[in-house]
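User: Hi, could you walk me through this one? I'd like plain answers, please.
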Amino acid sequence: MQPRKYFQIVVNVCLVVCVVVCLALVFQVPSQRQTALRFACAERMKQVVLAIHAYTELKGDVPRNSEGKASLLPLIDDRRIEPSDAKCTHGRLFVINPGLEVADVLDLDRPRSTTWLVHDEQSLHEGTYALFVRGGVILVYKVDPEEYREWLCEFSRGEREF
Ligand SMILES: [Zn+2]
């Protein structure tokens with residue numbers, strides 16, 4: 001093979017490799033960013049769950065709004081969480097299960113609890129997480145996107161179990 005032709009082949013292969021690497025970066029970076037944001041949300045939600053737990057232990061009831069439904073607002077009013085930590089990385093307040101009871105939070109008689117406490121809205125990410133406490137440990141549950149609408153209706157009604 002002539003050296004010149006050989007050089008041209010090497011240059012072409014390098015160009016193809018560059019294009020493939022660039023495409024991989026373009027498509028991978030947004031999904032990595034989404035994953036990082038969802039992870040940051042899950043970490044904030046853990047702080048919210050800890051604040052709900054501390055509030056409930058101290059006051060003997062879950063934080064409630066004026067209508068008697070479980071709410072994040074008393075936690076913010078009492079400065080138990082910073083307003084920014086009660087929000088998704090996209091800026092909307094996390095959603096607390098309106099039907100929460102003391103036993104769900106303190107896990108008193110529910111060592112196998114599957115009661116979700118708080119969640120992050122699906123529309124803000126490609127997937128959503130809900131947090132619950134089982135055996136004193138905060139667990140993160142990934143909601144199936146196909147089932148999200150139905151799941152959200154149950155969550156909004158305050159239904160507690162998966
Ligand atoms: Zn979020």
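Analyst: Happy to! First a term: a residue is buried if 20 or more other C-beta atoms lie within 10 Å of its own, exposed if 12 or fewer, and partly exposed in between, with C-beta atoms placed from the backbone. This is a predicted model, where local features need pLDDT of at least 70, side-chain atom pairs count only at pLDDT 80 or more, and totals for chains, interfaces and linings use all residues. Residues are numbered from 1 along each chain as its sequence is written.

User: Great. Is R79 buried or exposed, and why?
Analyst: R79 is exposed, because it has 8 other C-beta atoms within 10 Å.

User: And where does R79 lie?
Analyst: R79 sits in the loop between α2 and β1 (95-96). Helices (H or I, at least four residues) and strands (E, at least two) are DSSP runs, numbered from the N terminus. The phi of R79 is near 60°, a positive value in a residue other than glycine. Most residues other than glycine have a negative phi.

User: Switching topic: which residues have the most contacts inside the largest nonpolar core?
Analyst: They are V48, V49, I52, F94, L117, V118 and L131, in a core of 26 residues. The largest share, 6 residues, comes from α1. A nonpolar core is a set of buried Ala, Val, Leu, Ile, Met, Phe, Trp, Tyr and Cys residues joined through C-beta atoms within 7 Å.

User: What does V48 touch?
Analyst: Not counting residues up to four places away in sequence, V48 touches L72, I81, D85, A86, F94 and V118. Touching here is contact, with C-beta atoms, placed from the backbone, within 7 Å.

How values were computed: Contact = placed C-beta atoms within 7 Å.
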